[in-house]
Amino acid sequence: MYAQKNNKDMKNETTPLRLIYPQWQGGIIDHWMPDIPAEDSSRGYYLGAQLLNLLAPESNQKTVEVPVSLDINDRAIEKGISARNVIVKQSKAALDILNENNPDRIITLGGECSVSVVPFTYLAAKYPDDIAVVWIDAHPDINLPYDAYKGYHAMALTACLGMGDEEIINMLPGKFDVSKALIVGLRSWDEGMQARQKELGIKGLAPKYVAEHSTAIMEWLKGIGVSKVVIHFDLDVIDPADMIAGVGVEPDGMKTEEVVRVINDIAAKYDLVGLTVAEPMPRIAIKIRNMLNRLPLLKE
């Protein structure tokens, strides 16, 4: 009997924990936005997470924010990861919050892509062998610390799969089997990442395969036989002609309505226990804030 057949009976009715996780240190992104001061663009994910929470529907969900440093100078590369010490500290803080609240379902509003790592591996430990991860992203996020790019957000999916920095991986409560990971909307790879994806055996679907319907995703989920799913939604998966919400502006992406439909189709058939919205880069809001900071009377 397939998982989706009795999904209504299996779904957990508890209220999800809303985790505000404004981690920005995992991204090395200021060179992609020369029109914004480097410090502002680097920390833009922090503001992005606050805006996501402000814009999200009001609910009775318990909301907890992970404490995140705003020190722009604490970004030393150690063991192949930029700002590693800060990321380790903040990951522990996020894990402490989850252990204290013991949620059955988690909504995470980030922050760069690595904000999925702690909540997703927490849920992988809670539902072992019965959970899949659908990673909706223009990029595969399967870098490792020895690769040229040192931003931890590009290592987020591999961390969820139990690969990467030894201390971080040992700290995480669980991991996903590679066979239960699917990347949707994929269309951009760093050097060597296509080969790594093939080597690891991670299935990826380009935007064109989900543009009209979600059949390919639903067939994949049916084939792996799980009842629960976590979904990572990186805003840069959206086609920049439709909306520029993240850092990446790779053409030929998914339309906003297509992403919404995919997520709802999965939630209609499976127990969606984790949902992350990540990588919001509020370019206009940053520019408006900087403009307001230069006007008279406002600071008096």
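Predicted model: local features only at pLDDT ≥ 70, side-chain atom pairs only at ≥ 80, totals over all residues.
Residues are numbered from 1 along each chain as its sequence is written, and side-chain values use heavy atoms, with hydrogens and water left out.

**Exercise 1: the whole chain**

Step 1. Start with the parts list: the protein has 11 helices and 10 strands (DSSP runs, with helices being H or I of at least four residues and strands E of at least two, numbered from the N terminus).

Step 2. Now look inside: 55% of the 300 residues are buried (buried means under 20% relative accessible area, exposed over 50%, partly exposed in between, with a 1.4 Å probe and protein chains only).

**Exercise 2: Ser114**

Find out whether Ser114 is buried or exposed, and which residues it touches beyond four places away in sequence.

Step 1. Locate Ser114 in the loop between β5 (106–110) and α5.

Step 2. Check its cover: a relative accessible area of 2% makes Ser114 buried.

Step 3. List the neighbours: Ser114 touches Gln23, Tyr152, His153 and Ala156 (contact means heavy atoms within 4.5 Å).

Step 4. Pick out the polar contacts. The Ser114 side chain has one of 2.8 Å with the side chain of Gln23 and one of 2.6 Å with that of Glu112. A polar contact is a pair of N or O atoms within 3.5 Å; within protein, one must be able to donate a hydrogen and the other to accept it, and residues adjacent in sequence count only if both atoms are side-chain atoms.

Step 5. Carry on into helix α5 (residues 117–126), where eight of the 10 residues are buried, including Phe120 and Tyr122.

**Exercise 3: Ile284**

Decide whether Ile284 is buried or exposed.

Step 1. Find Ile284 in helix α11 (residues 283–292).

Step 2. Its relative accessible area is 58%, so Ile284 is exposed.
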